[in-house]
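Dear colleague,

My notes on it follow directly after.

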Amino acid sequence: MYFYVYMLISKGNKPVSYVGYTNNLKHRIKLHNSGKGAKFTRGRKWELIYYETYQTKREAILREHNIKKNRRIRKSIVDNYK
C-alpha cells in the first residue's frame, strides 16, 4: 500500500492551500470537495496541485508535517503551480 502527501489549493478570489496525507488520493479529494473532508476544507472547492508517494505511513506523516511547518517549501509548491 502506498501513502500520498498532497497539496490542494482552493478555487476562488483568495486561494488558500491545504496539505494532507492519505492512502487513497482520488477518494480523499472527493471527500474534501463534498464537504466531508477535514473541517478546514469544508465550504470550498479544491484542486490538487501537488502530491508525493511514500511506501510507509510514517514517511508520509513526517513529510506532511515538514511541508505544513515550512512556509518556504509550501510557498515554493504554490508558486510552481501558478
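**Strand pairing and the sheet**

V5 has Y21 in β2 as its bridge partner. Strands β1 and β2 pair in the antiparallel sense over 6 bridges; two strands are taken to pair if DSSP finds at least two bridges between them. Strands (E, at least two residues) and helices (H or I, at least four) are DSSP runs, numbered from the N terminus.

Please note that this is a predicted model, in which local features need pLDDT of at least 70 and side-chain atom pairs count only at pLDDT 80 or more, while totals for chains, interfaces and linings use all residues. Residues are numbered from 1 along each chain as its sequence is written, and side-chain values use heavy atoms, with hydrogens and water left out.

The open sheet contains 3 strands in the order β2-β1-β3, with antiparallel pairing. Its edge strands, β2 (17-22) and β3, each pair on one side only.

**The nonpolar core**

The largest nonpolar core has 11 residues, including F3, V5, M7, I9, I49 and V78. Such a core is a set of buried Ala, Val, Leu, Ile, Met, Phe, Trp, Tyr and Cys residues joined through side-chain atoms within 4.5 Å. Buried means under 20% relative accessible area, exposed over 50%, and partly exposed in between (1.4 Å probe, protein chains only). Two or more residues come from each of β1 (3-10), β3 (46-54), α2 (57-69) and α3 (71-81). Strand β1 gives the most, with 4 residues.

**H32 and its surroundings**

H32 is found in helix α1 and is buried, with a relative accessible area of 0%. Its side chain is joined to that of T41 by a polar contact of 2.9 Å (a pair of N or O atoms within 3.5 Å, where, within protein, one must be able to donate a hydrogen and the other to accept it, and residues adjacent in sequence count only if both atoms are side-chain atoms). Leaving aside neighbours within four places in sequence, H32 is in contact (heavy atoms within 4.5 Å) with residues including Y6, Y18 and W46.

**Aromatic residues**

Y6, Y18, F40 and W46 form one aromatic cluster. Rings of Phe, Tyr and Trp (its six-membered ring) pair if their centres lie within 6.5 Å; planes under 30 degrees apart count as stacked, over 60 as edge-to-face and the rest as tilted. W46 is buried, at 4% relative accessible area, whereas F40 is partly exposed, at 43%.

With kind regards
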